[in-house]
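Please look over the model shown here before reading on. My comments come as numbered points.

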Amino acid sequence: MKSFTRHFGTALVTCAMLAGCSSNTPSTQTKNFIETPPSDTQIESSVRQQVSWMLEAFTPIAGQALPNKNVLEAYEFRNFDPIWIKETQLDMAIYKLVDTLESARSHGLNPVHYHLETLKEYLAIKKPSSQQLAELDVIATIALSSYAHDLSNGRYEPQLIDPNWRLDAPSKDWQNLLFLDSPTNMVNYLPTLAPRQPDYQVLQNWLVFYQETAQKEGDIRIEVGVPLRFGDEGPRVAQLRARLVQLGDIRFSSRKVNEDYFDNDIREALKRFQKRHHLAPDGAAGTQTIQMLNVPLEERAKQIAYNLERWRWLPTQLEDNRVWVDLTAYTAHIFLNGQNESMKVVIGKPERRTNVFYGKMTYMVTNPTWRVPMRIARENLLPKLQKNPSYLTENGYQLYSSWSIGAKRLDPLSIKWNDIKPEDLHYRFEQTADDGNALGAYKFMFPNKFDIYLHDTPAKHLFREQDRAFSSGCIRLERPEDFADLLVAGDKKRQNQLAQARQSKQTKVISLKDELPVYLVYFTVVPNSNGMPEFRNDIYERDTLMEEAMGYAPFHTKESI
């Protein structure tokens, strides 16, 4: 490490001095980069040294995975021949790499993480030594490798940001890039590593739009005042119109309009804006709507960047048949046998967040009994029993001495509930299958360590709410009987089993013919049906965690090393 610091520090000082005198930029440089080139042997020897030094220096920090092992393997594969220098000439693909790294912000990634300025400083050196060429070669390869990894898998480790986030599907496709036969092919391969999902691509375009608009125009703000409605006039209406044009809710028109007049175009544009920001679409600019309109463009760009990173944590290819539970939309989308069905869901309360993860549904249970999870028993049932010892009997629960198979059934009235502390509670509670059962008539199982599943509910009134975070973590379905029908569609045997279970009202397990992937996902910005960005409520405050991890949160001096 000391050797690397000594050599690399000297090189950077030299780079900085020479770069300041140079009028050329990397995009205009030519093969005159090496005027009096060192020999191939000198460069190769230096590369071998620099690989070990630099890979030690560029170590992973804060859970960010710098794929150095793959860089070492790539050089070993080439017997430590330089990658970017052939026959004493610099491969021009390195300049395309620089251009590509400069556009990293269009994916919500920071070019600083890919040593962009350092590469430019090296490329500005007129007569580089063999050591400087080796340093340039290795840094360029580290930059290429890190960017390829981050574009494919995401830069950040999701579980280090949010322990409740367990959906991370890293791909190894990016590693192939380092073993292609030329730097040109390597750099050209980079764009193919970004997620190919349409939502990602649409959001990326909006990210660029917000970034460029913020830089070129700045924010058009609406002054605070009384609500604005159809028929109003004045300068604040002109500000409102201009902001809606800037955000894309009003398409620019060449026809003459009275900018100060609140006409039907503004009213309809406001309704569109309100819908995509989860506001009541009344077409008037009240306090809440104006606050939302005045959110800075840069802030919106950050929100989009968080969600692009979340897409990079998902698998490259999604299965055709799957259940996609969109937590922030309170909606489950079922893709099954060419059909697409959507229904409302109820998700976990903010204090009992539904985990983000992936599972495989293998069976469903009709008329299920409910074994109350210990956390719910301690936090919910025990306080109710301490107020009303008859609560279990009145609500169809049975009490058992323990969680073992042969546990003895007990009389709830024989227990002194007020003497039990939550941490000492060890009984098993089961609610029998009936109309009041918390699971309703169905539960759909994809075994996981969080004990989360999809199920019916007797509390149907909650589906009338716009924001539906009311459960203890599981997902309640609006139309579970329709979902059950979809699961057995085209399968006579299982259709008969389901029909018999419904008729008998008995608890019955029905296995699925094929495993069905289930995704529980969390996005705070998604494209709506018109391709406009829909900004959702961050119900679990996960964007705050993303802000801290991705370096957008303010840095205070006292936090420095």
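1. Basis. This is a predicted model, in which local features need pLDDT of at least 70 and side-chain atom pairs count only at pLDDT 80 or more, while totals for chains, interfaces and linings use all residues. Residues are numbered from 1 along each chain as its sequence is written, and side-chain values use heavy atoms, with hydrogens and water left out.

2. Terms. Helices (H or I, at least four residues) and strands (E, at least two) are DSSP runs, numbered from the N terminus. Two strands pair if DSSP finds at least two bridges between them. Buried means under 20% relative accessible area, exposed over 50% and partly exposed in between, with a 1.4 Å probe and protein chains only.

3. The open sheet. It has 4 strands in the order β7-β10-β8-β9, with antiparallel pairing. β7 (370-371) and β9 are at the edges with a single partner strand each, so one side of each has no neighbour in the sheet.

4. Strand β8. This strand covers residues 397-400. Tyr397 and Leu399 lie on one side, Gln398 and Tyr400 on the other, and all are buried. Antiparallel β10 (residues 428-431) is joined to β8 by 4 bridges. There, Phe429 is the bridge partner of Leu399. With β9 (residues 409-410), also antiparallel, β8 has 2 bridges. Arg409 in β9 is the bridge partner of Tyr400.

5. Strand β11. What happens to the side chains of residues 442-445? Tyr442 and Phe444 point one way, Lys443 and Met445 the other way, and all are buried. β11 pairs with β6 (residues 357-366) in the antiparallel sense, over 4 bridges. Thr366 is opposite Tyr442. β11 also pairs with β12 (residues 454-455), again antiparallel, over 2 bridges. Here Phe444 is opposite Leu454.

6. Helix α13. The helix takes in residues 297-312. Is it enclosed or open, and why? Of its 16 residues, 14 are buried, so α13 is largely enclosed by the rest of the structure. Its length agrees with expectation: 16 residues at 1.5 Å a residue should span 22 Å, and the end C-alpha atoms are 23 Å apart. The expected span is 1.5 Å times one less than the number of residues.
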